[in-house]
Amino acid sequence: MNNQYVRREVFCRNTCHELKRFWEREIGKQTYYRESEEYRLGRSALRKLREEWRQRLETKLRLRNNPDETEKRANVGREILASLTQEDTKH
């Protein structure tokens, strides 16, 4: 075997390992950044606020589209309020 090929093989072996280590480090960095960003977003109050507003808007739209349901809810609310005030006056 020619010495020229052995040198290339050794050189390629070292280079391949260096490239592999380089890309493993880069992938590790990207994974760390992605996980830290997901953690930060998970702790953010913005997601919770958006969910609360979405629920409020859905309720308003549902009530606007169903006026009968609005009236029923108002009656139930009045009944609950009346029962609570009656209990307070008894005590």
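The model is predicted. Its secondary structure consists of three helices and zero strands, and along the sequence the pattern reads α-α-α. Of the 91 residues in the chain, 0% are buried.

- Two aromatic pairs are found in the structure. In one of them, the ring centres of Phe-22 and Trp-23 lie 5.0 Å apart and the ring planes meet at 75 degrees, so the pair is edge-to-face; the cut-off for that class is over 60 degrees.
- Trp-23 belongs to helix α1, which covers residues 3-43. With a relative accessible area of 51%, Trp-23 is exposed, because the exposed class begins over 50%.
- Phe-22 has a relative accessibility of 37% and therefore counts as partly exposed.
- Another aromatic residue, Trp-53, has the charged end of Arg-56 over its ring, 4.9 Å from the ring centre.

- Side chains of opposite charge can pair when their charged atoms come close. The whole structure contains five salt bridges.
- Arg-34 pairs with Glu-38 in a salt bridge whose closest N and O atoms are 3.4 Å apart. These two residues are four residues apart in helix α1, so about one helical turn separates Arg-34 from Glu-38.
- Both partners are partly exposed: Arg-34 has a relative accessible area of 44%, and Glu-38 has a relative accessibility of 48%.
- A salt bridge also links Arg-40 and Glu-37, with an N to O distance of 2.6 Å. Because Arg-40 and Glu-37 are three residues apart in helix α1, the separation is about one helical turn.
- Arg-40 is partly exposed at 46% relative accessible area, and Glu-37 is partly exposed at 35%.

- Arg-54 and Glu-51 form a salt bridge, and their closest N and O atoms are 2.3 Å apart.
- Arg-54 and Glu-51 are three residues apart in helix α2 (residues 45-65), which means that about one helical turn lies between them.
- The relative accessible area is 37% for Arg-54, which is partly exposed, and 34% for Glu-51, which is also partly exposed.
- Through salt bridges that share partners, Glu-51, Arg-54 and Glu-58 are joined into one network.

How values were computed
Residues numbered from 1 in each chain as written. Predicted model: local features only at pLDDT ≥ 70, side-chain atom pairs only at ≥ 80, totals over all residues. Heavy atoms only, no water. Phe/Tyr/Trp six-rings, centres within 6.5 Å; stacked < 30°, edge-to-face > 60°. Buried < 20%, exposed > 50% of the residue type's maximum accessible area, 1.4 Å probe, protein only. Lys NZ or Arg CZ within 6 Å of the ring centre and 35° of its normal. Salt bridge = Lys/Arg side-chain N within 4 Å of Asp/Glu carboxyl O.
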